[in-house]
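Please keep the sequence and the coordinates at hand while reading.

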Amino acid sequence: MDIILPLLLGIAVATPGIVLPGLINMTAAKISVRDGRACAIVFSIGATVIVFIQSYIAVSFAKFISKRDDIINLLEEVGLGIFVLLTIYFIFIAKKPQSKDDEEPAKMRSRTGCFFLGVLLSVLNFFPIPYYVVMSVTLSTYKFFSFDNLFVFLFVIGAITGTFAVFYLYIIFFKKLEQKTDFFMKNINYFIGGVTGLVSVITLIKLLRNM
């Protein structure tokens, strides 16, 4: 049970954080359609490697701030600003993706290129760090989480397992519906903007309640 609990917690925490359409999982789906499932899986592995590092850093950092509510509130305020900016960018500024009829034929990426693309996009995605900080501190408050080294390691393993599983589901789902992804691809910016906007509203409500 001491081994299973942190693994399940890692999976349970990671899944809702990545399951909604976002830059990385939608890119994995797009690569699956354009460059093949193998390349998309390699892309997902590259992204998951960075998630491992980010989540481990986040949980380690959370250990030191678990008793500092002022720091948690500061992180939430910074996160709110970032998500508001992302919402504005994706809804009002980002260019609308081309449809399959309009876009130029895509160049096939090598597996190495797919891996490093996954690494790059995952590095640029800072969401996992504050997300895992807040989640681990919250779980610790309710006595579900321990900052013991083994517990943290198993939790992170569970987190990357859940993350990769969601990426793989996106890959499989889009590969089977290759001819029906036009609407999703054309409106990807609105989907991402909607998600970041929702997170912004939830964070704002929480901050207002804490004032």
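Leu7 counts as partly exposed because its relative accessibility is 26%, where buried means under 20% relative accessible area, exposed over 50% and partly exposed in between, computed with a 1.4 Å probe on protein chains only. This residue lies in helix H1 (residues 4-18); helices (H or I, at least four residues) and strands (E, at least two) are DSSP runs numbered from the N terminus. Once its neighbours within four places in sequence are set aside, Leu7 is in contact with Leu154, Ile157 and Gly158, contact meaning heavy atoms within 4.5 Å. The C-alpha atoms of Leu7 and Phe153 are 9.0 Å apart in space, although 146 residues separate the two in sequence.

Ile172, placed in helix H7 (residues 149-176), is buried, with a relative accessible area of 16%. Its C-alpha atom is 7.9 Å from that of Arg37, a residue 135 positions away in sequence.

## Model and overall make-up

The model is predicted, so local features need pLDDT of at least 70 and side-chain atom pairs count only at pLDDT 80 or more, while totals for chains, interfaces and linings use all residues. Residues are numbered from 1 along each chain as its sequence is written, and side-chain values use heavy atoms, with hydrogens and water left out.

The chain has nine helices and zero strands, and its elements, read from the N terminus, run α-α-α-α-α-α-α-α-α. Of the 211 residues in the chain, 43% are buried. Among contacts with a separation of 6 or more, 86% are between residues 24 or more positions apart.

Helix H2 (residues 23-35) consists of 13 residues and reaches 17 Å from its first C-alpha to its last, close to the 18 Å expected at 1.5 Å a residue, the expected span being 1.5 Å times one less than the number of residues. Ten of the 13 residues in H2 are buried, so that the helix is mostly covered; the buried residues are Ile24, Asn25, Met26, Thr27, Ala28, Ala29, Ile31, Ser32, Val33 and Asp35. Just after H2, Gly36 takes a positive phi of about 105°.

The axes of H2 and helix H5 (residues 111-124) come within 10 Å and cross at roughly 160°, axes being lines fitted to C-alpha atoms, for helices over the stretch in contact, with angles from 0 to 180 degrees between N-to-C directions. That angle makes H2 roughly antiparallel to H5; angles under 35 degrees count as roughly parallel, over 145 as roughly antiparallel, 65 to 115 as roughly perpendicular and the rest as oblique. Leu23, Ile24, Thr27 and Ile31 in H2 meet Cys114, Leu117, Leu121 and Ser122 in H5. By class, the residues of this contact are six nonpolar, two polar and no charged, where Ala, Val, Leu, Ile, Met, Phe, Trp, Tyr, Cys and Pro count as nonpolar, Asp, Glu, Lys and Arg as charged, and the others, Gly among them, as polar.

The axes of H3 and H5 come within 7 Å and cross at roughly 35°. On the H3 side the contact includes Ala38, Val42, Ile45, Ile50 and Gln54, and on the H5 side it includes Arg111, Phe115, Gly118 and Val123. The residues of the contact of H3 with H5 divide into 14 nonpolar, four polar and one charged.

For helix H3 (residues 37-65) and helix H6 (residues 128-141), the axes come within 8 Å and cross at roughly 45°, which makes H3 oblique to H6. Gln54, Ser55, Ala58, Val59, Phe61, Ala62 and Ile65 in H3 meet Pro128, Ile129, Tyr132, Val133, Ser136 and Val137 in H6. The residues of that contact comprise ten nonpolar, three polar and no charged.

## Helix H6

The 14 residues of H6 should span 20 Å at 1.5 Å a residue, and the end C-alpha atoms are 20 Å apart, which agrees. Buried residues in H6 include Pro128, Tyr132, Val133, Ser136 and Val137, and each of these also takes part in the contact with H3. Just after H6, Lys143 takes a positive phi of about 65°.
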